[in-house]
Structure formats: structure tokens, C-alpha cells
Amino acid sequence: MTRANAPLHADFEPAWEQLFNQFADGLATSDDERRLHDLLRDSADARRAYREFVSLHSSLYWDYAAVANHGMPPGGGLESGERGGQWRSRWIAAVVAGLILSGAAAAATVALIAPSLLKRGELAERAAADERAIANPAAAPLATVKNTRFLLVDEHESPLAAGQPIDAGRVSILGGAVELVLRNGVEILLEGPGELELIGELQAFLHAGSAVVRMPKGMHGFRLETANTEVLDLGTEFAVKAAGGVMTDVQVYDGAVLATSKFEGNGGRFPKRLEAGQAVRFSPESPNEPGTLPYEEGRFARRLPVDKAVEHQMPRLSSKQAQTDYLIQQFGQPQQPGIVVSRPAGPMAIDGRLDDWRSAPGFTASLNRDPAAAEWVDGRMMYDDEHLYIAAHVGDPHPLSSSIDPSLDADDGWRGGAVQVRLSTDRSQGWPVNANAPSYYKMRRLVATPQQREAAFNPRLAHLTMWFHAASATPCLTIARGMMIGDLQLNPSGFRAAYTRDADGRGYVMEYAIPWRLLDCETDPPQPGDDLAAAWQVLYSDEGGRLWRTQIIEIRNPDEPPKIFCWERAATWGRAEYR
Amino acid sequence: MSASAKFIAEFTRCQRQLHAFVLSMVWHPVDADDVLQETNLVLWQKAAEFDDKRPFMPWAIRFAQLQAMAYLKRRQRQDCRLLIDDALAKIMADEAAYEEPIFEARRIALADCLQKLSPKQRDLVSLRYEPKASITDMAAAAKIAPKALSERLRRIRHSLLECIRKTLAEESFA
């Protein structure tokens, strides 16, 4: 077995390479076969060299053949008898479809799917539909419309609205833009006029227009084709513009891609690696080498803004200082735009101690950004397949003194000293999240659209309020869903929590384990690479644990204007990076 | 992610490396495709047995090893030659199973290295790796001996391997 510290590259003996080459070209004799067998049996170095050689041979056969034979016109089918990458990818898709079918039906499906008889769209649709129907009956469709802006569609096309499911097939717009989120978290922003054909979770065809593809962290392999170019993502954000069926521009914002021309020519079919900050044009004028373009950061729309924020109007106050104090008390002075949510190294003990949390990144903040303030927080989040874990060491002159009785005043739990965490587990929303509380509209005398009303009921948004009821020595938890913060679930069954008071009486440690099922995502909890949303509020009371006096707000979207409460607008929540 | 979704993700991700492993045993790309298909079907049938807390590749490559050996034994009945025996196949599978990170890094480096070839070299690689390409047919078309053509390809492969090693060394993979 290969040891972890074994060298990764072999020292090639020229004779070995000669021998391997004979095999690669089908020229090996029976003597060569015996030599190879003995060599591989006797020498670990030779086996390593052999693997290195074969991985090259296989990659050329697999990747290069895939690239070289991808000259399929839009909507075209496969040539009979075609082998190589296209054929293979279709076969894999067929097997994947089969994998998620059951028993004999699956066997029949796999047996019946002859790749040469299937057109691209048919197979993709079949695989996508089968995967949806069988792997998870309640699963999301291939894509969901995340957002639109100034969208214009042909009168014969179905309208597109936020939250609308999209299956494999063509999305055509005349103007504006639509932002789609695929089931696996890949985001595609299509600018109109444009036409995009969704083929699968990792494949799409841009028939016209501009599209920006953004991969979730840790994921790669998305393939975006145009009539004359294929772009393979290597973990990135990139833009592609398809014009007139003959020209394709590619611009890389982040990471890298392999872009390959489909033009016939000596070198044209070789992949070109493009890094962040590079832009090229594939056109018939230079089939062998794409032309270099200037990198223009603002050339493509990369994200559609959530609906424009409207700030609170300030009350009339007597002095500038009073205004400043009011602003700080109401809206805090957040500095952290995000938090990394990591996985624990081992089982978590919920004991009000932070021993298990040493490796967890988090954030620290103090009231008014004053490092000497008595009010401060060291907040952390972790997760595994079953639970969200939240812990904080809170500097508080009146620790664990809340007199808010959960059985009577659960909706006031925050007032007597508490930690509130708001979070989204909705991968289709990504970050930032577009949802506002009904009061957000009311207080601004706005009328919510039906889509905005629906967004407020998104069950994958949660508001957690955690406090310690002093009289009963009970850790408490309320959960509100969507943006309906008045509709609370109190101390739901299954959560665990523990508090400890600091020895000097100037603070406390809280630790919670909250099952994902309580956050309505038991079957689809956050995964490594997800960028979701979260926000923290640490609330402080008077010495009696009844009257709220101030707060620390952290993990906030810096693009949102400051005078908006995080409980009323989810777009203000910062980025939660699940790693 | 559900267990089945995890399985599908791992299954899809491991295809290239499984192909390389199978190719290392059976040598003919078309045969490797066939063996890979058979392996995939077995993996599908065994999906319920996969423990998603354990690494996928060592589990999957075991089935590829068995399918490749079955293929070689079928072929042996036809031409009485068995290139790789069971013991060696097991060693090769054990060693290949844990090379996933470097396999992926090599593959990515190859894209850059291909661009460093001369147009003539690219053309030759292009022809060689066309579907159904045969060195004999290519040599006949070029009016040279197959061995001479293979030697040209050996030099190209050598330069690609060197380039990949250099790239990975620069990226601190070495």
C-alpha cells in the first residue's frame, strides 16, 4: 500500500519508459509482457513510474479525446459509433440515472440507454428527472430562479420569478438578467438577450448572450459550452459571452478554467488554461490560439442585487451625540462580514466549556469597539451532519441573570441578556439572502410583492434566541422561521445546551447543539463549501435581567446600509462559510 | 447530502482515476472502456454496501481490479496470455487507491503542458488520441514504420511527463 510519505514522482529508467511506450502504442511483444510483469512485481519504483505514465496516457485518451471530439453543434446528436469523452460522459450520466433508479427498473434503464441513440438533452433530462424522482422524492428541481432584474421574456416563454423551479432545458430571455442556482449550489447569471440550455448539474450550453458561472467553494468540473468553445471550470468564477455562433469571449474572475476551441485546426483543440484576471476571444480568425482581450472587471453582471434596501428614518434627537448613541444602540457597529463554520475534530461535549472549540475559527467583538469594554463576545459556530453547534464566551457585567420566564414571555427572551443567531440553510439562496419581515414593509409603507411575501415564509431561515433563565437555572431556546419572528417554537425537543459562569463573575460561556431537524434541513444540511448567511446579536440587560440596555451586532453584510435591523432583513446577514 | 447523493458524487468523481487504473491493467483503451462500464454496473449494484464514512476510491478500485482480472482471464482463454496475475493486480490496486490527489493535480498540469508542445507535436498527439486511432494506420498514412512513429510519441510523452513533474514541483506537490 502506498505510504503517505512515498514520493509522488518516479525516477524514470529510460528502459522502463521505452517499455511502457510499447504498450501504449499497442506494439508490445510477449517478451515485453513478461518483462513488464516482472518489473511491476519486483519494483515499487517501477510501479510508481508505471502509474505516472498510464495516468498521462489515460488523461490524453479521456480528456483530450473528450475535448477533441466535442464539436457537436447546438442541439445536435451523437454520431453513430462515436467513442471518447462525449460517449463516456453520456454513459456515466446514464449509469448515474440508473444508480438512482431502483432494482430491475434501473438495470433495464442502463441496459436500454444506448448512448449512440440518445441526444444530449434527452439524456440530461432523463438523468435529472430520474435523480430527482428517485434519490429524493422531495428534492429540488435542477435549478431555481434566485433573482431577476429588469427581466424581459418573449410573450410565448413562461415568465421567470424568484423561487421558480427550472428543469433541464432552455432558458431564454430578451432583456434584463436572471440568476439561477443549480441544485448543487452552482450559480449562473444569464444576461439578456441570451439563451442558456441547462443540461445537468455540471453542464450547460450557452447558445447566445453572456453568462457568469460561480462555483461553490471546493467544487469544480462545471462545463459551459458555446457553439465554438468549451469551458471547463477548475473551481472558479468565470464569464462567457457567445456571439453570433462564431465568437466566444471568456473572462476568469476567480480560480482557473480550461477553455478549448472547437474550431478545426492544428492547435485549436488544445485546452488553454486561463487564470483569474485573464480574458480571451475564440474566433474563426485565429482558430489555433485565442486572442487576448483586456480584462474588464465590470464587463459582466456577476451578481444581481437583492431588492434595494430602505433604511429606517432617524428620530429627531437633541444632539449629534444622542444620534450617535442611538445608532450604536440600535444598529451596533459590526465589523465582521463573515464567519467560518467548521466541522469538529471529534464528538462534541455540550458542557459549557470550550475545550472542544479550540480549532474553531470565530470572531471577537466588544461594545463600541472598545477593547476595555466589559461587554464583549468570542463567538464560534461548528456543524456536523446532525447538528449545528453554537458557542460563545460573553463578557457581561450581569451574567446569567435573565428573569425572562420562558413559559410566560418566550417572545421577550432577548431582553434579559441573550445571544441571538440568525441563519439561512437555504443553498438555493446562497448569500446574500433575499427576504424581509412583514414589518420591514409596514414600517416603510411599502407593499410587498407576492414573491416578497413568499420569501418571508422561507422555512430555511431561522432566528435562534438563546438565554439562561436564572430562576429555574434553565437554558432556553426559541426558534422562529422565515422572517416571521413572532411565531416562536420554545425549547423544542432535541436541543442540548449548557452554561457556565466565569469565575470572576464578569461573563459566561454558552454552548448549544441544535439538531438540523429543528431547522428544517435534516435531509439536506449545510455541506463543506456552502456559503450561506448568518448574523449574531449579543444582548445585555440591567442587573435585574429584565431591561435590555445594549447589544453587540456582528457578522453583517457590509454592502447593506447600516440603519436596518438584522431581524427584519435577511440581506443584512453576513456570510457563513461552511468548511 | 443524502447517502445516495454522496455515492453519486463520489462515483462520478472517481471515473477518470478508475479508467487510468483499468487501463494500466488491460492496456487497450477500448477494452478499458468496456471494463470500466462493467465496473460501474457492479458499483451500482453494490451501492447499498458502500460505507460513506470511508474513502470511496479504495472501495471502488477493488471492484475495478476484479473486473479487469475477469477480463484478462477471458482474454487469456483466447490467446493464452495473462499479462497481470491476481497478486500483482492487488498490489497495483492498493497503491493506486491512495493516489487520488496527485492524480488530479497531474491531470490539471497536463492542460498547461499540452500547450507547450510544438504544433507538429500537437498534431501527432491529436491523431494518436482520436477515437479508433491505430498506430499502424497512422504509420501507414505517414509512410513510416510503426516503431519510428511510436518513438516520436515516446519523446512527446516524455516531455509531457517532465513538464507535469516540473509543474507539480513548482506547485509544491513534490
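## Chain B

In chain B, residues 24 or more positions apart make up 66% of the contacts with a separation of 6 or more; two residues are in contact if their C-beta atoms, placed from the backbone, lie within 7 Å. The model is predicted: local features need pLDDT of at least 70 and side-chain atom pairs count only at pLDDT 80 or more, while totals for chains, interfaces and linings use all residues. Residues are numbered from 1 along each chain as its sequence is written, and chains are lettered from A and ligands numbered from 1 in the order in which they are written.

Chain B has 9 helices and 0 strands. Helices (H or I, at least four residues) and strands (E, at least two) are DSSP runs, numbered from the N terminus. Of its 174 residues, 39% are buried. A residue is buried if 20 or more other C-beta atoms lie within 10 Å of its own, exposed if 12 or fewer, and partly exposed in between, with C-beta atoms placed from the backbone.

## Positive phi values

B:K143, not a glycine, has a positive phi of about 60°. B:K143 sits in the loop between α8 (135–142) and α9 (146–170) of chain B and counts as exposed, with 6 C-beta neighbours inside 10 Å.

In chain A, A:D520 has a positive phi near 60° and is likewise a residue other than glycine. The loop between β24 (507–515) and β25 (531–541) holds A:D520, which counts as partly exposed with 17 C-beta neighbours inside 10 Å.

## Cis peptide bonds

A:G192 and A:P193 are joined by a cis peptide bond, omega about -5°; A:P193 lies in strand β5 (residues 187–200).
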